[in-house]
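Hi everyone, thanks for coming. Please have a look at the structure on the screen, and I'll walk you through it piece by piece.

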Amino acid sequence: MEYTKTEESACPKNQKAAVHTLRYKKATCSRVPDTILHFSCSLDSRCKDCQEDYC
């Protein structure tokens with residue numbers, strides 16, 4: 001099962017407000033975290049600096 005989650009955050013580079021959209025795959029075991037399938041930032045879709053906060 002896949003699901004999408006959005007979160008408001010501040011960009012670590014310039015402190016502007018951003019919305020992060022993450023698509024997850026639900027883990028089959030509760031002891032294992034859900035897998036991130038896709039990450040995007042509303043300020044810059046190519047930037048991956050914020051993505052490190054979710055890994």
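Let's begin with Asp34. Leaving out residues up to four places away in sequence, Asp34 touches Tyr3, Tyr24, Lys25, Lys26 and Ala27; contact here means heavy atoms within 4.5 Å. Before going on, a word on what you're looking at: this is a predicted model, where local features need pLDDT of at least 70 and side-chain atom pairs count only at pLDDT 80 or more, while totals for chains, interfaces and linings use all residues. Residues are numbered from 1 along each chain as its sequence is written, and side-chain values use heavy atoms, with hydrogens and water left out.

Back to Asp34. You'll find Asp34 in the loop between β2 and β3. Strands are DSSP runs of E with at least two residues, numbered from the N terminus. Which side chain does the side chain of Asp34 meet in a polar contact? That of Tyr3, at 2.4 Å. A polar contact is a pair of N or O atoms within 3.5 Å; within protein, one must be able to donate a hydrogen and the other to accept it, and residues adjacent in sequence count only if both atoms are side-chain atoms. The Asp34 side chain also reaches the backbone nitrogen of Ala27, at 3.0 Å. As for Tyr24, ten residues separate it from Asp34 in sequence, and the C-alpha to C-alpha distance is 6.2 Å.

Now the sheet. Three strands make an open sheet, ordered β1-β2-β3, with antiparallel pairing. Two strands pair if DSSP finds at least two bridges between them. At the edges sit β1 (2-10) and β3 (35-41), each pairing on one side only. β1 and β2 share nine bridges, and six bridges join β2 (residues 17-25) to β3. Follow Thr21 for a moment: Thr6 has Thr21 as its bridge partner in β2, and Thr21 has Ser40 as its partner in β3.

Between β1 and β2 there's a hairpin with six residues between the strands. Gln15 lies in that loop, and its phi is near 65 degrees, a positive value in a residue other than glycine. Is Gln15 buried or exposed? With a relative accessible area of 57%, Gln15 is exposed. The cut-offs are under 20% for buried, over 50% for exposed, and partly exposed in between, using a 1.4 Å probe and protein chains only.

Compare His20, in strand β2. His20 is buried, at 1% relative accessible area. Apart from neighbours within four places in sequence, its contacts include Lys5, Thr6, Phe39 and Tyr54.

And what's in the largest nonpolar core? Six residues: Ala18, Leu22, Tyr24, Phe39, Cys41 and Cys50. Such a core is a set of buried Ala, Val, Leu, Ile, Met, Phe, Trp, Tyr and Cys residues joined through side-chain atoms within 4.5 Å. β2 gives the most to this core, with three residues. In soluble globular proteins, nonpolar side chains tend to be buried together. Phe39 also touches residues such as His20, Cys47 and Gln51, not counting those up to four places away in sequence.

Last, the cysteines. Cys41 counts as buried at 9% relative accessibility, and Cys11 does too, at 7%.

Definitions and conventions:
Helices (H or I, at least four residues) and strands (E, at least two) are DSSP runs, numbered from the N terminus.
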